[in-house]
Amino acid sequence: MREVLQLQPELPKLKEQGLDFYIIAAGSERDLRAFFGRTKLEATVVWDKKLDIFRTYEVDGIPASFFVDRKGKIRDQRLGWTSSSLTEFKSTVKLLSEEK
């Protein structure tokens, strides 16, 4: 969950730009509670116990990032996390937040 830890310092600024950030997590409840219990996040965490959200959005790997515009339309999605992902993430958020 390296991506979550890299995003955390950026989330307050991204929220000011209109970003709502959700983490859809799968796995055992015990493991998720342990991780999120020791990791302070400025995000809403949803436990997808039965993988319904993963199936609905056809997530075929993790981490997966979905960028949804103000109208609720998925505008971009990314699979994985690399050294350039944080820069790309912020760029996509900036582009979407500038749209009216």
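# Close-up views of the predicted model

**View A. With a relative accessible area of 9%, W81 counts as buried.** The term buried stands for under 20% relative accessible area, exposed for over 50%, and partly exposed for values in between, computed with a 1.4 Å probe on protein chains only. The model is predicted, so local features need pLDDT of at least 70 and side-chain atom pairs count only at pLDDT 80 or more, while totals for chains, interfaces and linings use all residues. Residues are numbered from 1 along each chain as its sequence is written, and side-chain values use heavy atoms, with hydrogens and water left out. 

**View B. Five aromatic pairs are found in the whole structure.** In the pair of F35 and F36, the ring centres are 4.9 Å apart and the planes stand at 85°, so the arrangement is edge-to-face. F35 and F36 are both buried. W81 and F89 make a tilted pair, with centres 6.4 Å apart and planes at 55°. F89 is buried at 5% relative accessible area. One aromatic cluster is formed by F21, F67, W81 and F89. Rings of Phe, Tyr and Trp (for Trp, its six-membered ring) pair if their centres lie within 6.5 Å; planes under 30 degrees apart count as stacked, over 60 as edge-to-face, and the rest as tilted.

**View C. The largest pocket holds about 1,100 Å³ of space.** It is lined by 34 residues, and those closest to its centre are Y22, I24, A64, S65 and F66. Two or more lining residues come from each of helix 1 (2–7), strand 1 (22–25), helix 4 (52–56), strand 3 (64–68) and helix 5 (85–98). Strand 3 gives the largest share of the lining, five residues. Sorted by class, the lining has 25 nonpolar, five polar and four charged residues. Nonpolar covers Ala, Val, Leu, Ile, Met, Phe, Trp, Tyr, Cys and Pro; charged covers Asp, Glu, Lys and Arg; the others, Gly among them, count as polar. A pocket is an open set of points, on a 1 Å grid over the protein atoms alone, where a 1.4 Å probe fits and protein lies on both sides within 12 Å along at least five of seven lines; lining residues have an atom within 4 Å of a point. Grid points are joined across faces, edges and corners, and the volume is the space filled by probe spheres set on the points. Helices (H or I, at least four residues) and strands (E, at least two) are DSSP runs numbered from the N terminus.

**View D. The peptide bond between I62 and P63 is cis, with omega about 0°.** P63 sits in the loop between helix 4 and strand 3. That loop also holds E58, whose phi is positive, near 50°, although E58 is not a glycine. At 67% relative accessibility, E58 is exposed. Another positive phi in a residue other than glycine, near 65°, belongs to L51. L51 is placed in the loop between strand 2 (44–47) and helix 4 and is partly exposed at 34% relative accessibility. For reference, most residues other than glycine have a negative phi, and most peptide bonds are trans.

**View E. R75 and E99 form a salt bridge, with the closest N and O atoms 2.7 Å apart.** This pair links distant parts of the chain, 24 residues apart: R75 is in strand 4 (residues 74–79) and E99 in the segment after helix 5. R75 is partly exposed at 36%, and E99 is partly exposed at 27%. The whole structure has eight salt bridges, each a side-chain nitrogen of Lys or Arg within 4 Å of a carboxyl oxygen of Asp or Glu.

**View F. A salt bridge joins the side chains of D52 and R55, at 4.0 Å from N to O.** The two residues are three apart in helix 4, which means that about one helical turn separates D52 and R55. D52 is partly exposed at 44% relative accessibility, whereas R55 is exposed at 54%.

**View G. T92, in helix 5, is buried at 10% relative accessibility.** Apart from neighbours within four places in sequence, T92 is in contact (heavy atoms within 4.5 Å) with F67, D76 and R78. D76 and R78 form a salt bridge with each other, their closest N and O atoms being 2.8 Å apart. Both are partly exposed: D76 at 24% and R78 at 26%.
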